[in-house]
Every structure is written in structure tokens, then in C-alpha cells.
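Have a look around before reading on.

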2 protein chains.
Amino acid sequence: MITGKNYLGNVLSSTNAVTFKTFNPRTNLENEIVYSEASDIEIEKAVELASQAFKIFKSISGVKKSEFLNEIANEIEALGDDLLQVYCSESGLTKNRALNERSRTIFQLRTFADLVKEGSWVGATIESADLNRQPIPKVDLRKMLVPLGPVVVFGASNFPLAYSTAGGDTAAALAAGCPVIVKSHPMQTGTGELVASAIINAASTTGMPNGVFSNLNSRGIEVGIKLVKHPQVKAVGFTGSIGGGRALYDIASQRHEPIPVFAEMGSINPVVILPEAIKQKGNEWAKTYASSITLGSGQFCTNPGLLFGVKGDDLSNFVQVLSEEIVKIEPTCMLHPKIVGAYESGKAKIQDQPGVHTVGSFDKNIASNYGRQTIVTVEGANFLTNATLHQEVFGPFSMVVQCENSEQLEEIIVRLEGQLTGTVLAEKGELEKYKKVVSALQNRVGRIIFNGVPTGVEVCDAMVHGGPYPASTDSRFTAVGANSIMRWVRPFSFQSWPDASLPNELKNENSLEILRYVDGKQTKDKL
Amino acid sequence: MITGKNYLGNVLSSTNAVTFKTFNPRTNLENEIVYSEASDIEIEKAVELASQAFKIFKSISGVKKSEFLNEIANEIEALGDDLLQVYCSESGLTKNRALNERSRTIFQLRTFADLVKEGSWVGATIESADLNRQPIPKVDLRKMLVPLGPVVVFGASNFPLAYSTAGGDTAAALAAGCPVIVKSHPMQTGTGELVASAIINAASTTGMPNGVFSNLNSRGIEVGIKLVKHPQVKAVGFTGSIGGGRALYDIASQRHEPIPVFAEMGSINPVVILPEAIKQKGNEWAKTYASSITLGSGQFCTNPGLLFGVKGDDLSNFVQVLSEEIVKIEPTCMLHPKIVGAYESGKAKIQDQPGVHTVGSFDKNIASNYGRQTIVTVEGANFLTNATLHQEVFGPFSMVVQCENSEQLEEIIVRLEGQLTGTVLAEKGELEKYKKVVSALQNRVGRIIFNGVPTGVEVCDAMVHGGPYPASTDSRFTAVGANSIMRWVRPFSFQSWPDASLPNELKNENSLEILRYVDGKQTKDKL
């Protein structure tokens, strides 16, 4: 049952007069439940509880943490249809999408559970003492990764489960040993509360310290700002717009003690269609891309918003087929009237720029909250000189940039802002022939795709979800995959520390049987 | 031969009317050579060359990079006594110290050479495709670490070799595949130019692209600021004061595209002397710490500037012995008259605070540029409420904080700012008995030492040199040891990429024979 309250650790609380409701974009009506925004006192309480919990949670065993993470997954499964129903009523997304996203969320939790149960992820590194070394003896040094402290996670509207309350950021931070305070998304506060209840139940069942998790409701941006400014908060995870992510990054970097913000933000995911590919498979690619551009109403961070080709009959044919195909697709509901509004105004701003031609646009009568897919074209020269055309339009929209030649194509790629992904569509020999273009594209992205679409993010060790700014605020980390745990930890070194007082990961006996680097060699042996 | 010019890639250049000289603190005279500060045009040229060089250098093989790094080490050795002499004349440090630091610098270069020659450091991770997977096929994904782009390194005055021109930051960045532009330290510009010539020669001998390294002279802070603001600069390494490091961090984080700054800054390296340790070995520890506090005139970032004990006869005795011992030590020359000036005024500021007592101070007649070692004491209550007492005094100075009891000690530790190191002096059972104090100290430091001194930084895999702010701007990285390469790289993922076009690290055949993670297993096997 949804209460509309905040979780301050395991206590439900609502002391604030500021309340709000969520919205169902399918019915175009507000949902019934009234949510209470977290007050200053509630924010303070949640952070204080997290700080206290950190003292215990930071050195809890990997086995215990894995029980906690697996139990969160079990509790989410146990929410059953209630969760799916609330999810759909607050996002306009389909039940099928809800099922897929729930599976992914559970998979992520169980992946981190396995990682910390096995335990080698801490990178235990031991250099043993050499008291006879000249000119000075060598001391015993033992290093491992330790958690940063309380982490604030901002829920993402386009992934109410997988990137939100118990999503990748939260799962990674808890796995690392960091207590988490979630700033729930205003559009999906009910979904957030249900998932929060699952985490709170799991924490209680598995004996975690109170305060290891809190969930704070918010109508606007104030709760998040206060959290990021709080001295006891040590890191921030965010998925959303460039404006939102950059604002949090700025606040965090201007603190007396700056803290890391990992914000996964905008991306228009450029696609380069090389001449032979467009000649041989232009029609096929046009159909494939019509699907990718409209998938989930274009509300994916990996949506392909920019397609580059070299001018000519083949490109003209591709544009025509793409424009025809895209309007055949049935539009779908967007997340919120605000998102539809931002989509329509962002699109109109682009369409108004000099040299931009709208070549395909869904124009039949549809419900007001549905996203009308649109394709525009522009010349390379216009694109190069007009920064407005480089801005993301979040929704089922894509722009085909018609370049004069491969030199102009390369120049454009060099000047692109950072992106999550880049895609190259090529036939035999073209990767080699357009080496400079491909090399320039690699400098601007976190993941590069050959003959495919950027939508679809495989959750695995080899995935990079992140990239040069503004794709993310720190390209040195990924937001997806087991390595995303690295955002929330720091290396820590013990010098000449007595064996009995070391963490188990670093003791001579290696009772955890983890893989360690001992005097330059990888081993599971004891010392 | 020192020319006084800037290296813009392999070309010596001096077009600026702004010139300056370095200073010999032993003779109290300016050195003869006139240095030309880098002009705006020279800065622009160096960055442009680095950007061009990056296109080639980013994918040069590990074997070639290791030849380059080893050749830098050879060239530095070949500079022979000329380098040692200039080093001493610009720093006031001894020839013995110069020899030790040169050894460390060469060791660091050769360590990174070995790392990149072996090659497994890139963390190659492969998840192979599974076209039969339900509900959707699994794509082939291959990930490795790639360099960020041109890196700016600021030389540190207290380590003219090991943390400067060819020091740890430069060695790590070049090993990563990032071109480096050094902003040479104004106090050691001649040392910087000689080392830069070694790097330039090595680059030429081993066929590196022009622009892989540049060395820019500066009289003040302007050259550094311009470099950090430059859009083509992608990361910054700095070792120095909190004021300097924070200013660069602020500039970098306010750019349109924020870039990572790894600044290793201030630390007062707290030492906790537990009751039994002070009772049983107080005299011994007092003598040991008198040496550590005055080592190199206290000009180490790991100098112990704060000693904590619980009030009583044992602590009083410790303070007395420490005060007697410290004045027996012969003072040594500090780096520059400015450093001596800052030391004396910083010390005086602390001595003027309420409750601070000077208990030992070298008061014999010595040369003006020598650092006069000083010990002061203060009550725990005063320390808790006076933020001025938490500030670093760079030089041979330490403050003994006399706490009322272990509760006050814990409270003080919790409130300390971030530190590079923390030290615990304890006898049997005390680590367990003062668990909360030790746990609180761990939260504030990057390295914790048992029954030793913080001075002396072992260059090895298990070392952490870094820590919570303001010890460094990003505690997630270390500035010392092979892992410091992680500051300058980002993960990058190839999806469905043709084998022939992949980097060798990710090709099926694994011709480099590196250790890779393939479908969840560590292996050197080919696919």
C-alpha cells in the first residue's frame, strides 16, 4: 500500500505541508494518492541516519551485502502486479516494458550480489615487507577499495525502475558499502515508494543498520539541492537532462568539500552512414532506423538523434525511405505532459532554424500525450555553424545531416560534443577507408557500434554507458555493468598494520579465498 | 645546456618579453640564466601540437610507449651531474636528496614502461555474442581503457624531479597514451628544462609524434590558468598547496566541458598516540618523531603536523622529550625565501591563537633561508573550536593536541578534514580498545600507518597517495603507484566491431598475450 510518506530509514514520515500528486499520461488525469515532500528536518534526519549506518555498513561482509541485495530483488518480485500497475499509471509505459524493466532491475541487483559475495572486486593488493632492503627497509603495505560514504541517488523519469529507486546507481552504491538516500522522481513517486518499501523490508530481514536506505519525496528541485549540499553526503548519482545534471555538478563542485557527481545526461548518439552502406543497404537501414528512432517514443538516452551521410542520390533515397517508414509507425504515449511539451517545443526550435527541412512527420489525429515522430534534414555547412542544431530533442526525432564530402563529415565529427554512443554503418573496406572519421568519432563517445542501432544497452562487464561531457560528468566511469561500482569507492592503504586487525580481504590467511595481487602476482593463496 | 626557452614539442621558443630568474636559497642569490615565460601564442601552439600528436599517440603500441619511457629514464641518467647541480642550485636541497629523487623518478618511469609493455593494465573485457539468446540476441561487446587526451601537469616545488617534469603524473599520462604539457615550476625552471630536453630527445629517438610533450615556463600563475581553460586540454595533474589546487579545480569545473583535475594538496597527517604506547615507548616515539618532523625541513606532503594524545603525565613527558629532541637537530635550507616566509608567518599565526603554547623552538643563529623547527601544544577543546589550528604549516612544525579523554579524541578525529595519511601508535590490544577512534581516522585518510611515521612514500602497487578532500580533489585515485595511470584513462566499448579493425588488445587472437576477462573468466587464451 502506498502511503505518500517519506522513508527516513525504516520510519515513514510526513511532516511537510507541501504535497503533490503524480499524473497518468494515458488517462490525462492526476493519480489519486497525495505525496508529502520531504521537509528540511526530514532531509537532515535521513542524512544523519545514513552517516550513522555508514559506521557499520562500511565494513559489513560481502556475503551479508549479497543477502541484502538478493532480498531486495525478492521483495521487488513480491510486489507483483501492484508495482506494474503503479508503474504504468505514472509513466504511460506499457506493461510489457514494465516487465522488461523489472527483469533488468532484478538482474542488476543479483549481479552485484554475486560480485560482492565472490569478493575479489575490492582489488586487494599486498606488498610484503622486506626488512633487509637497502638503503631503507621496505614496509608492509596492503590496499583495497573502501566505500566513500552516504550516496544520494536521483531517480530517472525514463527508467522508473532500472535507473531509479533500486536501479543501477543504488545497487552499485549498496554493493560498495555506501548507504543510499534516494531523491524520488516527482513523476513516479508511487513507484518509488513501493520499491523503497521493498528495500526497507530487505534491510530489516537481513539485519542491515537502520539508515542504510532512505527515500525522500520531492515536488521540484529543492530537496535534491539540499541533499547535494549536505556535508555528510559524499557522492551523487544522477540520470537525466544536461541542465539538471550540470546544476548538481556545479553545486557539488562548489562545496567546501567538493564531492563526485556521476551524472549520465544528454546524448544524441550520432550515426555515420558510409557511402557503400547507404548504396547497398540504404533501404534496409532506413527501416531499421525508423524503428530505433521511435522505440519507446524516443525516450531512451541512446536514441539516435543525428544521422550523417555524404550528399548524393543514395542519401536522398535513404532520407525518402526513412521519412516514409517513420510515419507508418503507431505513435506511443510519452512519460508526462511536460515531456511532450518539451519535445514539441524543442522540435519546433530546430525546425525553425535556417536550412532545416521537415521531411517526415506523423500528422494524423492522436491523443495529446503521444509523441509525433519527425525527421528533418539539414546541410553539413548549416550544422557546423549553428550550435542549436547540436542540442538533444528528447523524443522520437532525428536529423539527417547531408555532408558535402568526407572531409566535412570528419570536421563535423571532431566538433561534436561528447556522446554515450556513436554508430558506423559500413560495408567491406569502409572502416579502413574512413579511418579518420572513425577515429574522430571514437574520441567523442563511450561506446561505438558497427552496423547496428545504439538503442539497447546490454548489462554486462564489457558495456560502457557514459562518455565525454555532456554524455556524462566523468567519462572515467560507466553507469552500467559491474564496474559501475567504481564510482562509489576509493583505494585505501594499510601500512605495517597487525594482521588480526586488518579486514578479512587483506589478512594473511585469505579466508575469503578472493583473488589478490601479492608481491606482483595474482593469487588466491594465503601469505 | 639550459637555454631559458620553452619547448613547443621539439622546438625551442622564446617570443615573450616577460622573463625571470630562479633563486639559490643556499647562496641567497638569483641564478644567472634568464627564462622566457610562455606567451599566449606559445601556449596555443603547444596545445595544438598535443592535440595533433594525440591522434597518433593514443593508439601507439604498449611496446613503443615502453621504449619511450625507458629512453626518458636513460636520457635523465645521461644528464649526469649537470642535472644534480642545477637541482641543488634551484632548491637548496642536498646532492644526496637529488640522487635519491632521481632514482625514484627513473624507477617510476621504468615501472610504467614495464606496465605498458606487459599490456594487461588496459583491462580488456570481452563478452561474446549469443545470437540464439531469448528474447533478444546478445551482441558482441569488447571494452578496454583508452587515454583521455592532452594532459597538463604542474611541477611541484618540493619534488623537483619525482613530482615534476618527468615525475609520476607525466610518466603515468604518457604511459596511458596522453600527450603531456608541463607547466614548469617557477622556482625550478632550469631543472625543468633539462628534464624536458631528456623527454624531447627520447621522443625523437623512439619515433614519437611531435607534440607528445611540451614544456612551458611561467613566472606566476597565468600560464597555468590559460592551459586549464583550454578546450583541447582534457585533464590536469597538480601537486602543491590547497589554494593552488583548489583554484585549478574551480577553473576546470566551471569550463563548458568540465575536466578532471587530480590535485594532491595539503595534509597535516595526524598521528594518534594511544595511552599504552605513550606510557611504554613515549621517549622512543618522541625521538623518532623529532626526526620525522624535521626531515627535509618538513617539506614533505606526509610531514606529521598534528600529534594527538590523552592528557596526563605520560603525554607531558612525551611533549618534553619531543621539545628537547627537536632543537638538537641541525636546521636545513628551505626551498625558497617565499617558502621560509610562508612558514614563519603560518607558524606565527598558529602561535598567536588562544591556548597555544610554544614548547620547543630552534633559536640559535642560522642562515635566513633555513627552517627553524618548532613544537607547540594546545588543549583538545581549543583545537575543536578553532579552525585556524586545523591549517597546514608547511615546514618543520608540529602541534601536540592534548585531549581530555578518548571521547574528545574521537570527536576531534571525526571533524578533521581529509588527509593523505593517519598514524596510530599503539601497544597490544589498543587497536581493539580504541576501535571507534581508529575507524573514524580511516574515514579521513588515504593511508593508515601502524607504529611508524608517515614520511616515506613507497612507490608500489599497494600504495595510496591521495585521500578525502583537501588531501586530494578526488579520493577515488592515487597519485603514486601503477594504479595512478587510472586518472588519465576512460573505459571504451566496441559493439559488434569487425575483428580486423579492433585494437590488438581486443582482437580474437590476443597476439599481445595479455590477461583478459572473456565471458566472465580471466584468461590469456585466444577466442
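Which residue just after α5(B) takes a positive phi? That would be G177(B), with a phi of about 105 degrees. Bear in mind that this, like everything below, comes from a predicted model.

While we're here, take a look at the helix itself. Helix α5 of chain B covers residues 168-176, and nine of its nine residues are buried, so the helix is largely enclosed by the rest of the structure. The buried residues include G168(B), D169(B) and T170(B), along with L174(B).

**One chain at a time**

Let's step back to chain A. Its secondary structure comes to 15 helices and 23 strands. The radius of gyration of chain A is 25 Å, close to the 24 Å that the globule rule gives for 527 residues, so chain A is as compact as a globular protein of that length. Along the principal axes, its C-alpha atoms fill a box of roughly 75 × 65 × 40 Å. Of the 527 residues in chain A, 63% are buried. And if you take the contacts in chain A between residues at least 6 apart in sequence, 75% of them join residues at least 24 apart.

**Two copies**

Now follow the strands. One open sheet of 12 strands, with mixed pairing, has the order β16(A)-β17(A)-β18(A)-β15(A)-β14(A)-β19(A)-β20(A)-β21(B)-β8(B)-β7(B)-β22(B)-β23(B). Its edges are β16 of chain A and β23 (521-523) of chain B; each has a single partner strand, so one side of each is left without a neighbour in the sheet. From one strand to the next, the twist averages 20 degrees.

There is also an open, mixed sheet of 12 strands that runs β23(A)-β22(A)-β7(A)-β8(A)-β21(A)-β20(B)-β19(B)-β14(B)-β15(B)-β18(B)-β17(B)-β16(B). Here β23 (521-523) of chain A and β16 (357-361) of chain B are the edge strands, each pairing on one side only. Neighbouring strands in this sheet are turned by 20 degrees against each other on average, direction ignored.

| Strand pair | Bridges | Bridge partners |
|---|---|---|
| β19(A) and β20(A) | five | T421(A) and R447(A) |
| β19(B) and β20(B) | five | V424(B) and F450(B) |
| β7(B) and β22(B) | two | I126(B) and V518(B) |

Is strand β19 of chain A buried or exposed? Seven of the seven residues in this strand (residues 419-425) are buried, so β19 is largely enclosed by the rest of the structure.

Helix α10 (residues 313-326) of chain A lies across β14, β15, β16, β17 and β18 of chain A, running at about 170 degrees to β18(A).

**A loop residue**

Q353(A) lies in the loop between α11 (337-351) and β16 (357-361) of chain A. Q353(A) is buried, with a relative accessible area of 17%. Leaving aside its neighbours within four places in sequence, Q353(A) is in contact with N386(A), T388(A) and L389(A).

**What about disulfides?**

A disulfide is a covalent bond between the sulfur atoms of two cysteines. How many are there over all chains? The count comes to zero. Take C88(A): the closest cysteine sulfur to its own is in C333(A), 10 Å away, which is too far for a bond. C88(A) also counts as buried, at 18% relative accessibility. In chain B, C88(B) is in no disulfide either, and the nearest cysteine sulfur, that of C333(B), is 10 Å away. C88(B) counts as buried, at 18% relative accessibility.

Methods
Residues are numbered from 1 along each chain as its sequence is written. Chains are lettered from A and ligands numbered from 1 in the order in which they are written. This is a predicted model: local features need pLDDT of at least 70, side-chain atom pairs count only at pLDDT 80 or more; totals for chains, interfaces and linings use all residues. Side-chain values use heavy atoms; hydrogens and water are left out. Two strands pair if DSSP finds at least two bridges between them. Helices (H or I, at least four residues) and strands (E, at least two) are DSSP runs, numbered from the N terminus. Axes are lines fitted to C-alpha atoms, for helices over the stretch in contact, and angles run from 0 to 180 degrees between N-to-C directions. Buried means under 20% relative accessible area, exposed over 50%, partly exposed in between (1.4 Å probe, protein chains only). Contact means heavy atoms within 4.5 Å. A disulfide is a pair of cysteine sulfur atoms within 2.5 Å. The radius of gyration is taken over C-alpha atoms; the globule rule is 2.2 Å times the number of residues to the power 0.38.
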